[in-house]
Amino acid sequence: MALRLLAFVLALPAVIPAGDTGLQVATLVRDSHVLVSWTFADGALDQLNEAIDSGLTTSFTYDVDLRRSVSVWFDRTISTATVAVSVRKDTLTGRYQLTRSIDGRVEDSRVSDSGETVRTFMTAVDRLPLFPTSELQANVEYTIRVRVRTRPRVTWFFWPWDRNAATGSARFTFIA
């Protein structure tokens with residue numbers, strides 16, 4: 001019985017489709033920070049257009065992990081950051097209120113009339129300084145992993161655990 005349960009658990013990741021297809025991640029080390037860029041091109045915003053047009057606050061939450069590669073065991077998490085991006089359409093004026101916060105602090109807030117501005121603001125980040133290099137060791141390989149969750153959810157399939165809409169990663173070697 002225990003052997004069957006183990007076989008089921010090991011086969012489970014093969015049954016659940018991986019979400020690594022829609023998030024491209026890039027890193028750059030400059031000015032004592034690790035700068036992280038990503039583009040979420042999965043089309044999730046297209047699926048959320050109806051919710052946005054109704055005036056419902058729609059958000060993308062990007063969970064960003066800085067991990068050190070370890071050859072024998074799982075990668076070790078050095079630091080984490082959460083970037084939350086939300087949009088709310090004022091149905092009377094047709095204008096969008098856009099907000100970006102990092103670890104709970106509002107970093108950017110703006111109002112726009114353009115749907116293209118909304119798309120770029122929600123799905124693309126360019127050179128965001130998330131992690132200081134003071135935590136890094138020279139000549140060591142690190143991984144930046146970004147997972148995105150959407151509210152409201154874009155999947156029709158009921159899954160009792162929290163499921164990411166997409167995941168992406170990038171590796172870099174820190175050279176001091």
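Modeller: Exposed means over 50% relative accessible area, buried under 20%, and partly exposed in between (1.4 Å probe, protein chains only). This is a predicted model, where local features need pLDDT of at least 70, side-chain atom pairs need 80 or more, and totals for chains, interfaces and linings use all residues. Residues are numbered from 1 along each chain as its sequence is written, and side-chain values use heavy atoms, without hydrogens or water.

Biologist: What makes the phi of Asn139 worth a look?

Modeller: Most residues other than glycine have a negative phi. Asn139 is not a glycine, yet its phi is positive, about 60 degrees.

Biologist: Why is Arg127 called exposed rather than buried?

Modeller: The relative accessible area of Arg127 is 52%, so the residue is exposed.

Biologist: Is Val72 exposed or buried, and how do you know?

Modeller: Its relative accessibility is 73%, so Val72 counts as exposed. Val72 lies in the loop between strand S3 (58-68) and strand S4 (76-89).

Biologist: How do you know that S4 and strand S5 pair?

Modeller: Two strands pair if DSSP finds at least two bridges between them. S4 and S5 (residues 96-102) have 7 bridges, and their pairing is antiparallel. In this sheet, Val83 stands opposite Ile102, a residue of S5.

Biologist: In what order do the strands of the open sheet come?

Modeller: The order of the 6 strands is S6-S5-S4-S3-S8-S9. Their pairing is antiparallel.

Biologist: Why are strand S6 and strand S9 said to stand at the edges?

Modeller: Each has a single partner strand, so one side of S6 (105-112) and one side of S9 (166-174) are left without a neighbour in the sheet.

Biologist: What is the peptide bond from Arg151 to Pro152, cis or trans?

Modeller: The bond from Arg151 to Pro152 is cis, and its omega is near -5 degrees. Most peptide bonds are trans.

Biologist: Where is Pro152 found?

Modeller: Pro152 is in the loop that joins strand S8 (140-151) and S9.

Definitions and conventions. Helix = DSSP H or I, 4+ residues; strand = E, 2+ residues; numbered from the N terminus.
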